[in-house]
Amino acid sequence: MDATRTLPWDWYAGVIPENVAIDETAYVETSFSFTQYRSQTPAGVCIGRGSSAYSGTLFDVGPRGQVRIGDYVLVNGARFLCDEEIEIGDYTFISWNVVLMDTYRVPFDPVARRQVTARVPLVEPRRIDHATFARPIRIGRAVWIGFDVCILPGVTIGEGAVVGARSVVVDDVVPYTIVGGNPARLVRRLDPKEINHAL
Ligand SMILES: CC(C)(COP(=O)(O)OP(=O)(O)OC[C@H]1O[C@@H](n2cnc3c(N)ncnc32)[C@H](O)[C@@H]1OP(=O)(O)O)[C@@H](O)C(=O)NCCC(=O)NCCS
């Protein structure tokens, strides 16, 4: 990123918002990732040392939202829907089309939901921006999240866990386990002693 907060390699003519902190060794492929970014916190997105956020990644962060991405994390095109906090541990790998949402943004009551929907054409930028109760998502270190996974509000995923492709994660995931399915259930346990902690 240069002094004007643009990315020299960017295909999109955007800027990185002032309250986004990207380590100088991190890589963000395009500022398009911030077209739905509205955080007013001091650091609405932090991206750590050596981490990468590739094209297809979208930081849909509400006014109070904060996304913290650790060191050497690889985000291969994921959507962060964040109204409170989403935390990603070091060395975690997030595959394509993953959705992490700490909030639903629409009410469960159909009448209230209809009112929210009816307001969309009246207020620029024509988006649902209704504050609902948000619950933080915490992803530990060295987690591997397969493609098309959906992680719902309040979920914590422990260190070294693997989430199988196309899973919907509704409950916490124990460290060093493989989970899969909808809803995601235990597939098998991993042996942490076999995992190289030199990282
Ligand atoms: C999770 C995963 C890594 C597990 O691989 P594995 O250890 O070889 O698992 P297996 O194929 O032996 O399957 C073990 C069991 O888990 C189930 N399972 C595996 N993946 C699953 C998934 N994504 N969803 C639901 N169940 C799954 C299998 O059906 C099998 O069940 P069974 O014992 O009742 O027959 C793999 O299935 C997967 O999802 N890979 C996706 C990787 C990915 O997204 N890559 C993107 C680029 S990095």
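**Around the ligand**

Mentor: The shell around the ligand divides into 5 nonpolar, 6 polar and 1 charged residues, where Ala, Val, Leu, Ile, Met, Phe, Trp, Tyr, Cys and Pro count as nonpolar, Asp, Glu, Lys and Arg as charged, and the others, Gly among them, as polar. Keep in mind that this is a predicted model: local features need pLDDT of at least 70, side-chain atom pairs count only at pLDDT 80 or more, and totals for chains, interfaces and linings use all residues. Residues are numbered from 1 along each chain as its sequence is written.

Trainee: Which residues are around the ligand?

Mentor: Ser 95, Gly 146, Phe 147, Val 162, Gly 164, Ala 165, Arg 166, Ser 167, Ile 178, Gly 180, Gly 181 and Val 187. To be near, a residue has its C-beta atom, placed from the backbone, within 6 Å of the molecule.

Trainee: Okay, new topic. How many helices and strands does the chain have?

Mentor: The chain has 1 helix and 19 strands; these are DSSP runs numbered from the N terminus, helices being H or I with at least four residues and strands E with at least two.

Trainee: What order do the strands take in the open sheet?

Mentor: The order is E1-E3-E6-E9-E12-E15, 6 strands with parallel pairing. Strands E1 (20-22) and E15 (156-157) are the edges, each pairing on one side only. Two strands pair if DSSP finds at least two bridges between them.

Trainee: What about E9, how many bridges join it to E6?

Mentor: 4 bridges, with the two strands running parallel. Strand E9 (residues 85-88) also pairs with strand E12 (residues 137-139) in the parallel sense, over 3 bridges. Ile 88 is the bridge partner of Ile 69 and also stands opposite Ile 139 in E12, while Ile 86 partners Ile 137 there.

Trainee: Why does Tyr 72 count as partly exposed, then?

Mentor: Because Tyr 72 has 19 C-beta neighbours inside 10 Å. Tyr 72 is in the loop between strand E6 (66-69) and strand E7 (74-75). Its C-alpha atom is 6.1 Å from that of Arg 49, 23 residues apart along the chain.

Technical notes
Buried ≥ 20, exposed ≤ 12 C-beta atoms within 10 Å, placed from the backbone.
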